[in-house]
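Visitor: I have a structure on my screen and would like to learn how to read it. Could you walk me through it?

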Amino acid sequence: MAKSIVIIGNGISGITTARHIRKLDDTCRITVISGETPHFFSRTALMYVYMGHLKFEHTKPYEDWFWAKNRIDLVQGWVTEFDFNQQKIAVNGQSNSVIEYDTLVLALGSKPNFYDWPGQDLRGVQGLYSKQDLDTMERDTAGVTHGVIVGGGLIGIEMAEMLRSRGIGVTFLVRESSFWNNVLPAQESVLINEHIAQHHVDLRLGSELSEILPGQNGRVGAVVTKDGETIDCQFVGLTVGVSPNVSVFKNQNNTLLGTLEIDRGILVDAFLQTNQPHVYAVGDCVQHRMPPPGRRAVEQIWYTGRIMGETLAQTLCGKPTAYQPGVFFNSAKFFDIEYQTYGDLPAQLPAGCATFYWDKPGKNTAVRINYDQASGAVLGMNAFGIRQRHEVWDGWIAQKKTIQHVLQHLPEANFDPEFFKQHEGEIIGQFNAQTGSRLAVKSKKGLARMFS
């Protein structure tokens with residue numbers, strides 16, 4: 001009988017695992033279970049469905065027939081019980097059955113954080129992660145004139161843009177003294193503060209939620225801040241981060257069924273295996289026992305889920321492969337500003353590290369590069385409003401290229417469309433002025449222009 005691999009979760013990590021297993025093995029049976037949607041979709045595109053830029057069907061990277069053609073069975077339902085000893089799970093949904101497995105992959109994703117605020121269960125109060133969250137937001141913002149968003153992260157800024165796209169007023173409560181200043185250095189954080197205000201969002205820095213008050217018909221009517229201010233609203237977005245979706249294991253008695261070791265997430269080794277035989281985990285629900293160098297134990301990023309899926313497929317198809325995500329990378333969008341970060345660039349400059357910062361006043365465009373004071377090796381960079389090529393920066397940081405080399409070859413990393421304004425000359429000119437250097441920018445054609 002063919003080996004049965006069951007994957008719970010049809011997000012990027014679960015689906016990547018399934019696709020790459022099928023590429024490597026044409027004999028095994030692959031079953032993907034999800035109660036969220038029948039088919040895989042791009043979670044990062046949900047905001048554009050709400051904003052009217054896409055229809056939901058446009059977020060599906062593969063046609064519906066793709067799964068049957070590749071013999072990947074899809075089951076829509078929620079897994080309600082795990083029996084690791086007998087290697088079977090119970091599914092409550094369209095199938096309403098027990099499914100046995102030879103190998104089980106847990107790709108359970110994340111869930112929005114709620115912190116027991118009074119009134120958080122009122123209608124019109126929600127997070128934003130799942131397709132169900134999008135549907136709820138569509139329903140509960142109809143006719144709304146004002147919303148309050150709590151939490152200054154990436155999901156919060158997405159939700160603010162979503163509401164503003166429909167002309168809904170937004171008050172944004174951020175407990176930090178500047179937006180995302182636990183991640184961004186001060187100058188970049190201030191840049192984003194100003195850009196948020198330009199989009200007519202009432203940004204309240206140093207402000208925290210105390211409670212949510214009811215209005216009419218069980219809906220939210222207002223929020224109260226810890227400073228005692230009452231803000232009328234008909235919608236509240238709770239965007240104070242996400243956590244690994246592991247509550248199902250905390251709620252069931254696993255004594256006789258086999259216990260899965262969890263902490264903040266599902267604990268895995270370098271090969272993404274849990275403490276249970278034949279059980280692996282990938283994606284947002286994972287917590288690495290021994291994180292790869294320079295990475296966090298819990299790292300909930302789209303592309304790390306994809307890499308985990310690709311890696312695990314190799315292991316399950318007979319080629320044990322350790323998870324190696326490489327140089328850190330992330331990207332986001334703050335309204336009109338595209339943001340990319342590579343390598344190690346913390347909010348506070350570490351000892352022994354130098355930094356170079358350039359911006360274009362009034363243009364929402366900036367670049368910061370951190371480098372080692374002794375060797376000049378580039379450690380990390382932030383780019384705002386200038387698109388950069390991932391493979392170029394990944395190579396520069398991995399190969400420990402110097403700040404001088406990087407600046408001279410900066411046009412190689414530029415990924416902006418043709419006819420966009422090029423800023424490399426200004427950037428290197430400022431570096432030369434600050435350091436007394438006489439570096440020349442080398443264009444993609446190998447030509448050089450001096451800036452002193």
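Guide: Let's start with pairing: two strands pair if DSSP finds at least two bridges between them. Strands (E, at least two residues) and helices (H or I, at least four) are DSSP runs, numbered from the N terminus. Here, strand β9 (residues 146–150) and strand β10 (residues 169–174) run parallel and are joined by five bridges, with G147 opposite V170 in β10.

Visitor: What kind of model is this, and how are residues numbered?

Guide: This is a predicted model, in which local features need pLDDT of at least 70, side-chain atom pairs count only at pLDDT 80 or more, and totals for chains, interfaces and linings use all residues. Residues are numbered from 1 along each chain as its sequence is written, and side-chain values use heavy atoms, with hydrogens and water left out.

Visitor: How many helices and strands does the chain have?

Guide: The chain has eleven helices and 26 strands. Its C-alpha trace spans about 70 × 60 × 40 Å along the principal axes.

Visitor: What does the radius of gyration say about the chain?

Guide: The value is taken over C-alpha atoms, and the globule rule is 2.2 Å times the number of residues to the power 0.38. For 452 residues a compact globule would have a radius near 22 Å, and the chain's 24 Å agrees with that.

Visitor: How much of the chain is buried?

Guide: Buried means under 20% relative accessible area, exposed means over 50%, and partly exposed lies in between (1.4 Å probe, protein chains only). By that rule, 53% of the 452 residues are buried.

Visitor: What is the strand order in the open sheet of five strands?

Guide: The order is β8-β15-β9-β10-β11, with parallel pairing. β8 (125–126) and β11 (202–205) stand at the edges with a single partner strand each, so one side of each has no neighbour in the sheet.

Visitor: What does helix α9 pack against?

Guide: For packing, look at contacts, meaning heavy atoms within 4.5 Å. The buried residues of α9 (residues 390–398) are V392, W393, G395, W396 and I397. They pack against β21 (337–343), β23 (365–372), β24 (378–384) and α10 (403–408). After α9 comes K400, with a positive phi near 60 degrees.

Visitor: Why is β24 described as largely enclosed?

Guide: Six of its seven residues are buried, so the rest of the structure largely encloses β24. β24 runs antiparallel to β21, with five bridges, and antiparallel to β23, with six bridges. M381 in β24 is the bridge partner of Y342 and also of I369.

Visitor: How far apart in sequence are the residues that touch?

Guide: Among contacts between residues at least 6 apart in sequence, 59% join residues at least 24 apart.
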